[in-house]
Amino acid sequence: MMNALEPDWGEFLNQAIDLRYCNPLMAAEGEQAMRALWEAARETEGRYILVIEGAISTAADGLYTTIGEEGGRVWTALAALERLAPGARHIVAVGTCASFGGIAAATPNVAGNKGVGAVLRDRRVINASGCPPHPDWLMVTLAHLILYGRPEVDAYGRPTILYGRRIHDQCHLLSFYDSGIFAKYPGDFGCTYKIGCKGPITFADCPSREWNGRVSWCVEPNSICIGCTEPTFPDQTGPFFEQLGDQYVPGTTINADTLGLGIMAAAAGACAINLAGSWRSGRLARHMAGIPSEERLEDGTHDHDPPAHPHHGADED
Ligand code: SF4
Ligand code: SF4
């Protein structure tokens with residue numbers, strides 16, 4: 001998040017959200033920090049967005065991951081999640097570990113690490129996956145929740161405005177793939193499929209969004225996509241520098257439905273554009289001033305209902 005540029009983290013922090021607990025960023029420590037967490041949950045019960053980074057350890061009563069101590073009690077991530085989830089309006093898992101277990105749940109996973117959705121089976125968790133996740137992926141997800149409510153998600157709970165398209169279909173090297181021109185080593189000329197690119201089974205908008213201030217992305221210097229946004233990462237997307245196995249059949253159209261279950265929608269780019277307009281018009285700040293989200297929905301729906309297409313918000317603007 002601190003690597004975000006448009007808007008930058010400072011602007012987002014000061015104008016869009018009221019960040020009440022984030023242990024790497026807050027000044028408070030120890031019991032003072034824990035008290036801030038419970039106070040925030042109590043004061044904003046039913047309205048707060050719970051954002052979770054990191055997998056949840058479930059073995060040994062969750063003791064492999066602790067977030068703090070209070071009055072002699074050790075708070076595990078598991079216990080904190082179980083206490084905070086009921087009062088949360090929305091739950092967002094940020095990063096592939098929080099979304100699906102990720103590297104923290106890789107074999108042998110002695111800590112029993114799981115993604116948040118696997119722990120909270122009765123809640124719809126929004127997954128902003130990635131290892132690491134692009135700063136925009138969390139920022140856009142939060143902005144969508146603030147402005148429009150719950151975003152449309154794919155089979156794995158990822159917002160389709162960000163994860164709705166396959167890396168391979170957006171890649172600047174697709175014509176090389178189609179022409180059978182393949183790199184033999186990283187940095188070599190041609191598509192990197194044969195040296196292990198997982199772009200054909202990976203969904204995200206890296207080719208158009210790019211990283212580090214839109215400087216580049218994984219495949220641009222002729223290296224590979226390692227599939228970092230996928231539930232199968234890393235156990236099944238590795239070894240990274242080995243060609244994909246049977247799960248990908250060249251010539252077929254693969255989407256999130258055929259790889260898993262659920263709905264796929266093409267709305268890439270809409271949110272970023274809508275957000276820019278809303279930001280300039282001050283709409284986000286007005287919403288953050290405390291107007292309950294139910295009142296924002298003019299058609300009478302609750303934002304826990306399936307959302308309207310993101311374009312609808314832009315039309316209202
Ligand atoms: Fe691009 Fe990888 Fe697909 Fe080749 S296999 S076109 S490098 S995404
Ligand atoms: Fe992750 Fe692939 Fe995007 Fe790189 S290109 S950040 S490995 S999804």
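Modeller: There is an open sheet of 3 strands in the order β1-β5-β7, with parallel pairing; strands here are DSSP runs of E of at least two residues, helices are runs of H or I of at least four residues, both numbered from the N terminus, and two strands pair if DSSP finds at least two bridges between them. Please keep in mind that this is a predicted model, in which local features need pLDDT of at least 70 and side-chain atom pairs count only at pLDDT 80 or more, while totals for chains, interfaces and linings use all residues. Residues are numbered from 1 along each chain as its sequence is written, chains are lettered from A and ligands numbered from 1 in the order in which they are written, and side-chain values use heavy atoms, with hydrogens and water left out.

Colleague: Which are the edge strands?

Modeller: Those are β1 (48-53) and β7 (125-128), each of which pairs on one side only. From one strand to the next, the twist averages 25°, where axes are lines fitted to C-alpha atoms, for helices over the stretch in contact, and angles run from 0 to 180 degrees between N-to-C directions.

Colleague: Over how many bridges do β5 and β7 pair?

Modeller: Strand β5 (residues 88-94) pairs with β7 over 4 bridges in the parallel sense, and Ile91 stands opposite Val125 in β7.

Colleague: And which helix lies across β1, β5 and β7?

Modeller: That is α6, which runs at about 165° to β5. Val51, in strand β1, is in contact (heavy atoms within 4.5 Å) with Val92, Val94, Leu138 and Leu142, leaving aside neighbours within four places in sequence. Val51 and Leu142 are 91 residues apart in sequence, yet their C-alpha atoms are 9.3 Å apart in space.

Colleague: Is Val51 buried, exposed or partly exposed?

Modeller: Val51 is partly exposed, at a relative accessible area of 36%; buried means under 20%, exposed over 50% and partly exposed in between, with a 1.4 Å probe and protein chains only.

Colleague: Switching to the largest nonpolar core, which residues touch the most other members?

Modeller: Of its 25 residues, Trp137, Cys206, Trp217 and Val219 do, a nonpolar core being a set of buried Ala, Val, Leu, Ile, Met, Phe, Trp, Tyr and Cys residues joined through side-chain atoms within 4.5 Å. The elements that give two or more residues to this core are α6 (135-147) and α7 (160-163), and α7 gives the most, with 3 residues. Apart from this core lies another, of 23 residues, among them Ala41, Tyr48, Ala93 and Val125.

Colleague: What surrounds ligand 2?

Modeller: The residues around ligand 2 are Thr202, Cys206, Trp211, Trp217, Cys218, Cys225, Ile226, Gly227, Cys228 and Thr229, with a heavy atom within 4 Å as the criterion. By class, this shell has 7 nonpolar, 3 polar and no charged residues. Not counting residues up to four places away in sequence, Cys206 touches Trp137, Ile167, Trp211 and Trp217.

Colleague: Where are the cis peptide bonds you flagged?

Modeller: One joins Thr107 and Pro108, with omega about 15°, and Pro108 lies in the loop between α4 (96-100) and β6 (113-114). Another joins Gly238 and Pro239, with omega about -5°, and Pro239 is found in the loop between α10 (206-209) and α11 (256-259).

Colleague: What is the phi of Glu210?

Modeller: Glu210 has a positive phi of about 60° although it is not a glycine, and Glu210 is buried, with a relative accessible area of 16%.

How values were computed
Ala, Val, Leu, Ile, Met, Phe, Trp, Tyr, Cys and Pro count as nonpolar, Asp, Glu, Lys and Arg as charged, and the others, Gly among them, as polar.
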